Amino acid sequence: MVKIERTDSPEARAAVESLGKEKVRPSGTYRTEEVNKALGLMFAHKCYLCEQKGLSDLQIEHLIPHRQNRDLMFDWNNLFLSCAHCNNIKNDKYTPILDCTRTDVDKKIAFHRYRELFEEDRLDIVALDDSLETKNTADLMNEVYYGTTPQKKAEAKIIRERLSKELDEFQDCVKSYNLADGEDKKDCELSIMMKLKWNAPFAAFKRWMIRDASDKFPELLKYCQ
Ligand SMILES: [Zn+2]
């Protein structure tokens with residue numbers, strides 16, 4: 001989970017306008033075409049919770065559960081994009097959590113992947129301060145990546161496998177950067193920069209790989225902002 005800017009755009013303004021119209025209709029819906037389009041663009045079609053990209057089951061999620069409160073239900077600033085797995089886990093169980101459009105979540109929570117020889121990778125997701133929001137968010141992240149029910153555990157295992165594959169590729173990329181020189185090194189650096197951006201899959205875990213290697217690659221830390 002990393003920070004994602006809620007930028008002003010023609011699509012966002014159209015979404016806000018559609019929400020205003022729907023709010024006053026008794027059977028109004030926040031699931032408008034404009035909202036879907038604007039959220040897709042804003043979140044780069046990535047689930048803001050598990051950070052998977054390219055999924056077909058993305059849903060409109062309310063950061064603060066609306067519980068039929070129409071102000072919260074139709075508030076553009078309360079609408080986020082998440083996959084069905086994460087939306088279902090978060091539900092209204094985890095509240096309040098950190099708002100990733102206002103907070104650098106990966107600076108308040110550490111995201112680590114540890115490789116165990118002959119075993120599955122182990123994820124370690126830890127809150128770095130004592131606030132309720134940070135603690136709830138870290139707990140939510142752990143449930144997202146591990147699940148608690150048999151169904152969610154099976155879904156979470158698939159997410160962890162995708163995460164491991166992505167992090168292995170990223171590790172190879174950093175290794176190539178380390179061994180390259182001249183123009184090749186510049187190309188590798190550009191590739192690393194892209195993989196650390198807010199719109200890249202599993203960016204929080206990748207940023208922590210770079211932070212943990214800051215002695216070796218201090219020049220890459222600027223891409224973890
Ligand atoms: Zn998700």
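These are exercises with worked solutions on a predicted model.

**Exercise 1.** State which elements the chain contains, in what order they run, and how compact the chain is.

Solution. 
- Step 1. The chain has nine helices and four strands.
- Step 2. Starting at the N terminus, their order is α-α-β-α-β-α-α-β-β-α-α-α-α.
- Step 3. For 225 residues the globule rule gives 17 Å, and the radius of gyration of the chain, 19 Å, is close to that, so the chain is as compact as a globular protein of that length.
- Step 4. The C-alpha trace spans about 60 × 40 × 35 Å along its principal axes.

**Exercise 2.** Describe the burial, the contacts and the surface of the chain.

Solution. 
- Step 1. Of the 225 residues, 47% are buried.
- Step 2. Take the contacts with a separation of 6 or more: 65% of them involve residues 24 or more positions apart.

**Exercise 3.** Classify the aromatic pair of F43 and F80, and locate both residues.

Solution. 
- Step 1. The structure holds six aromatic pairs.
- Step 2. In the pair of F43 and F80, the centres are 5.7 Å apart and the planes make an angle of 50 degrees. Stacked requires under 30 degrees and edge-to-face over 60, so this pair counts as tilted.
- Step 3. F43 lies in the loop between α2 (33-42) and β1 (58-62), while F80 belongs to strand β2 (residues 79-83). The pair links distant parts of the chain, 37 residues apart.
- Step 4. F43 and F80 are both buried.
- Step 5. Together with Y48, F43 and F80 form one aromatic cluster.

Conventions
Residues are numbered from 1 along each chain as its sequence is written. This is a predicted model: local features need pLDDT of at least 70, side-chain atom pairs count only at pLDDT 80 or more; totals for chains, interfaces and linings use all residues. Side-chain values use heavy atoms; hydrogens and water are left out. Helices (H or I, at least four residues) and strands (E, at least two) are DSSP runs, numbered from the N terminus. The radius of gyration is taken over C-alpha atoms; the globule rule is 2.2 Å times the number of residues to the power 0.38. Buried means under 20% relative accessible area, exposed over 50%, partly exposed in between (1.4 Å probe, protein chains only). Contact means heavy atoms within 4.5 Å. Rings of Phe, Tyr and Trp (its six-membered ring) pair if their centres lie within 6.5 Å; planes under 30 degrees apart count as stacked, over 60 as edge-to-face and the rest as tilted.
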